[in-house]
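Subject: Structure handover

Dear colleague,

Here is the structure you asked for. My notes on what was found in it follow below.

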Amino acid sequence: MSLFDKVFNTLVVEKNERTAAQMASFYNSTPASIKARISEIRLNSGVAVYANKKTDSQGRTKTFYRAGTPTRAVVAAGYRALASGVAA
């Protein structure tokens with residue numbers, strides 16, 4: 001199974017919320033590679049992957065990724081972009 005498939009399954013199929021570092025450690029990869037796969041999921045699969053920043057009690061901020069459902073406004077903006085020729 002490719003790294004893309006592993007990240008896709010973690011976020012979309014299993015509906016987990018993970019950091020890039022967590023997935024990189026679990027899949028023996030790098031956080032940069034995980035972020036690149038997340039970008040591929042967003043662009044090529046059309047899945048809305050959200051990056052949520054959380055701060056712990058000691059002030060450390062981490063970015064957690066999760067798949068979700070886009071709002072109607074986001075979908076409408078996408079359709080407007082397609083209609084106006086902005087997006088191909």
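R18 has Y65 in β3 as its bridge partner, and the bridge partner of T19, again in β3, is F64. Two strands are taken to pair if DSSP finds at least two bridges between them; β1 and β3 (residues 61–68) are joined by 2 bridges and run antiparallel. This is a predicted model, in which local features need pLDDT of at least 70 and side-chain atom pairs count only at pLDDT 80 or more, while totals for chains, interfaces and linings use all residues. Residues are numbered from 1 along each chain as its sequence is written, and side-chain values use heavy atoms, with hydrogens and water left out.

Sheet

β2 and β3 also pair in the antiparallel sense, over 8 bridges. Y50 stands opposite R66 in β3, and N52 has F64 in β3 as its bridge partner. Between β2 and β3, which form a hairpin, there are 5 residues. G59, in the turn, has a positive phi of about 85 degrees.

Taken together, 3 strands form an open sheet in the order β1-β3-β2, with antiparallel pairing. β1 (18–19) and β2 stand at the edges with a single partner strand each, so one side of each is left without a neighbour in the sheet. Helix α1 (residues 3–13) packs on the sheet and touches β1, β2 and β3, where contact means heavy atoms within 4.5 Å. The direction of α1 makes about 80 degrees with that of β3. Angles run from 0 to 180 degrees between N-to-C directions, and the axes are lines fitted to C-alpha atoms, for helices over the stretch in contact. Helix α3 (residues 31–45) packs on the sheet as well, touching β2 and β3, and its direction makes about 140 degrees with that of β2.

Overall layout

The protein has 4 helices and 3 strands. These are DSSP runs numbered from the N terminus, helices being H or I with at least four residues and strands E with at least two. From the N terminus on, the order is α-β-α-α-β-β-α. A box of roughly 45 × 35 × 20 Å, taken along the principal axes, is filled by the C-alpha atoms.

N16 lies in the loop between α1 and β1. Leaving out residues up to four places away in sequence, N16 touches T10, L11, Y65 and R66. N16 and S84 are 68 residues apart in sequence and 35 Å apart in space, C-alpha to C-alpha.

Aromatic pairs

There are 2 aromatic pairs in the structure. In one of them, the rings of F4 and F8 have centres 6.2 Å apart and planes at 20 degrees, so the pair is stacked. Rings of Phe, Tyr and Trp (its six-membered ring) pair if their centres lie within 6.5 Å; planes under 30 degrees apart count as stacked, over 60 as edge-to-face and the rest as tilted. F4 and F8 are 4 residues apart in helix α1, about one helical turn.

Largest pocket

The largest pocket has a volume of about 210 Å³. It is lined by A48, Y50, P70, V74, V75, G78, Y79 and L82. The elements giving two or more residues to this lining are β2 (48–55) and α4 (72–84), and α4 supplies the largest share, 5 residues. By class, the lining has 7 nonpolar, 1 polar and no charged residues. Ala, Val, Leu, Ile, Met, Phe, Trp, Tyr, Cys and Pro count as nonpolar, Asp, Glu, Lys and Arg as charged, and the others, Gly among them, as polar.

On a 1 Å grid over the protein atoms alone, with a 1.4 Å probe, a pocket is an open set of points with protein on both sides within 12 Å along at least five of seven lines, and lining residues have an atom within 4 Å of a point. The volume is the space filled by probe spheres set on the points.

Regards
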